[in-house]
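Here is a guided walk through one protein model. Keep the sequence and the 3D view side by side as you read.

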Amino acid sequence: MTKQFFIYGRVQGVGFRYFTWKEAEKIGIKGSVRNRSDGSVEVIAQGNEAQVSALAQWLKTGPKTAKVERVIVNEHREIIVKNFSIIHH
């Protein structure tokens, strides 16, 4: 299962990508996280239903340094990835 998340709020400049990467690694999620030009963060998460649900729950609050206001979830096409990565611009 693959989902795409858009996280809005105070989510850039607070270590959100790093902590998302750590959480994804812990859960066993594959995919990526990146900052977007509109100030949000995009996460592509691939795993089984329990893994993706666990990450989705974590994304609702994120790290202590962040203030998540809204999370939008979309279905996403299956992708073949071997790990979880931070995409830097």
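In what sense do strand β2 (residues 30-35) and β3 pair, and over how many bridges? They pair in the antiparallel sense, over six bridges. Two strands count as paired if DSSP finds at least two bridges between them. Helices (H or I, at least four residues) and strands (E, at least two) are DSSP runs, numbered from the N terminus.

A word on the source comes next. This is a predicted model, in which local features need pLDDT of at least 70 and side-chain atom pairs count only at pLDDT 80 or more, while totals for chains, interfaces and linings use all residues. Residues are numbered from 1 along each chain as its sequence is written, and side-chain values use heavy atoms, with hydrogens and water left out.

Stay with β2 and β3. They form a hairpin with five residues between them. Glycine 39 lies in the turn and has a positive phi of about 95 degrees. Across the pair, arginine 34 has glutamate 42 of β3 as its bridge partner.

β3 has another partner. β1 pairs with β3 in the antiparallel sense, again over six bridges. Here lysine 3 stands opposite alanine 45 in β3.

How many of the six residues of β3 are buried? Six of the six are, so β3 is largely enclosed by the rest of the structure. Buried means under 20% relative accessible area, exposed means over 50%, and partly exposed lies in between (1.4 Å probe, protein chains only). In a regular strand the side chains alternate between the two faces of the sheet. Both faces of β3 are covered. Val41, Val43 and Ala45 are buried on one side, and Glu42, Ile44 and Gln46 are buried on the other.

Now look at the core. In soluble globular proteins, nonpolar side chains tend to be buried together. A nonpolar core is a set of buried Ala, Val, Leu, Ile, Met, Phe, Trp, Tyr and Cys residues joined through side-chain atoms within 4.5 Å. The largest one here has 20 residues. Phe5, Ile7, Phe16, Ile29, Val43, Leu55 and Leu59 touch the most other members. β1, α1, β3 (41-46) and α2 (49-59) each give two or more residues to this core. The largest share, five residues, comes from α2. Isoleucine 7 has contacts (heavy atoms within 4.5 Å) beyond its neighbours within four places in sequence, including Phe16, Val43, Leu59 and Arg70.

Threonine 2 counts as buried, at 2% relative accessibility. Its side chain joins that of glutamate 78 in a polar contact of 3.3 Å. Such a contact is a pair of N or O atoms within 3.5 Å; within protein, one must be able to donate a hydrogen and the other to accept it, and residues adjacent in sequence count only if both atoms are side-chain atoms.

Finish with the rings. Rings of Phe, Tyr and Trp (its six-membered ring) pair if their centres lie within 6.5 Å; planes under 30 degrees apart count as stacked, over 60 as edge-to-face and the rest as tilted. The count comes to three aromatic pairs. Tyrosine 18 and phenylalanine 19 form an edge-to-face pair, 5.3 Å centre to centre, with 75 degrees between the planes. Why is the pair of tyrosine 18 and tryptophan 21 tilted? Their planes stand at 45 degrees, with the ring centres 5.9 Å apart, so the pair is tilted. Ring pairs link Tyr18, Phe19 and Trp21 into a cluster.
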